[in-house]
Amino acid sequence: MSDCGTKAVSVIGFIGSVFSPWYAWSGRKDPANNCCINVATYGKGGRFTMTDRGRAALRTSRDTLEVGPSSMHWDGDKLVISIDEIASPPLVSRVRGTITVTPSALTSVELPLKADGSHVWRPFGPISDISVDLEANGWQWSGKGYFDANFGTRALEQDFDYWTWGCFPGARGATAFYDVTRRDGSTFETAVRFDPDGSAEQIAGQPQTPLKRSLWQVKRETRADPGAEPRQVLSMLDAPFYSRSAVETVLDGERCVGVHEALDLTRFRMAALKPMLAVRVPRRPAWTFAAD
């Protein structure tokens, strides 16, 4: 998020694009054949890009993920993201430039979302600085960032019905929450406080508190001190099954703004949703890298 609070960006690198209808229709047999670097910018002039690419577009090394024309590269103490994508309808346009994420430190936290380890959350850099330099008016800014990863060996909708996640930077560090409802009715709830030096501790966390539903009526809730009322301050992604937004809440008496997500996987399992997603997620299986 920008320091001024009016703009934000999210970038997700997928090997096995879990929200791609093309990956679902393929039977998810070959994750490398459905890869993607999804870029979304939020605020005035915001764009959404999510091109599902084939195996030919994927190159990986110890420090680099390349998917077609875009890449993520770990350079010493920072993650440099180079973007060259085309936004989806109705605002078809090129999204090109560089985003740099610099964590204050890297954590050693790794938490399974299921006991069998089939889904794992790895918050690498929950306290980060971000610098955005895109080829568009007003899209050169700096602010606070976040860098994590999820790993899995099964489809999300096979094992989960619903989850919410949020990370809220404060004066002394950042607090992240993960609240999951599995398909068997069991739940997983965690709250982790991160310090700028990368140390972390699991805490009890504030009560789950309702947040106004999204425009698509996705149920939302987050953590807040008793009596506090969380509120959305910036709309980001609003999809039939997924909500991402900037939310203001109160934690341990401190008013803070962070990024919040709610994911309704019961809706995502609906077959009728996949053709709707295909409009926003084009498939481009062919790719040739330029000679190095």
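**Rings, charges and strands**

Analyst: Arg28 lies over the face of Tyr23, at 5.6 Å from the ring centre. A charge counts as sitting over a ring if NZ of Lys or CZ of Arg is within 6 Å of the ring centre and within 35 degrees of the ring normal. This is a predicted model: local features need pLDDT of at least 70, side-chain atom pairs count only at pLDDT 80 or more, and totals for chains, interfaces and linings use all residues. Residues are numbered from 1 along each chain as its sequence is written, and side-chain values use heavy atoms, with hydrogens and water left out.

User: Which ring does Lys7 lie over?

Analyst: Lys7 lies over the face of Trp139, at 5.6 Å from the ring centre.

User: How many aromatic pairs does the structure hold?

Analyst: The structure holds 16 aromatic pairs. Rings of Phe, Tyr and Trp (its six-membered ring) pair if their centres lie within 6.5 Å; planes under 30 degrees apart count as stacked, over 60 as edge-to-face and the rest as tilted. Phe19 and Phe268 form an edge-to-face pair, 5.7 Å centre to centre with 85° between the planes.

User: Where do Phe19 and Phe268 sit in the chain?

Analyst: Phe19 is in the loop between strand S1 (8-15) and helix H1 (21-25), and Phe268 is in helix H3 (residues 265-268), 249 residues apart. Helices (H or I, at least four residues) and strands (E, at least two) are DSSP runs, numbered from the N terminus.

User: Is Phe268 buried or exposed?

Analyst: Phe268 is buried, with a relative accessible area of 0%. Phe19 is also buried, at 11%. Buried means under 20% relative accessible area, exposed over 50%, and partly exposed in between (1.4 Å probe, protein chains only).

User: Why is the pair of Trp74 and Phe147 stacked?

Analyst: The ring centres of Trp74 and Phe147 are 6.2 Å apart and their planes are at 25°, so the pair is stacked. Trp74 is in strand S7 (residues 70-75) and Phe147 in strand S12 (residues 140-152), 73 residues apart.

User: Turning to the sheet, what is the order of its 7 strands?

Analyst: The 7 strands form an open sheet in the order S16-S15-S14-S13-S21-S20-S19, with antiparallel pairing. Two strands pair if DSSP finds at least two bridges between them.

User: Which are the edge strands?

Analyst: Strand S16 (200-203) and strand S19 (231-238) are the edge strands, each pairing on one side only. S19 pairs with strand S20 (residues 242-251) in the antiparallel sense over 5 bridges.
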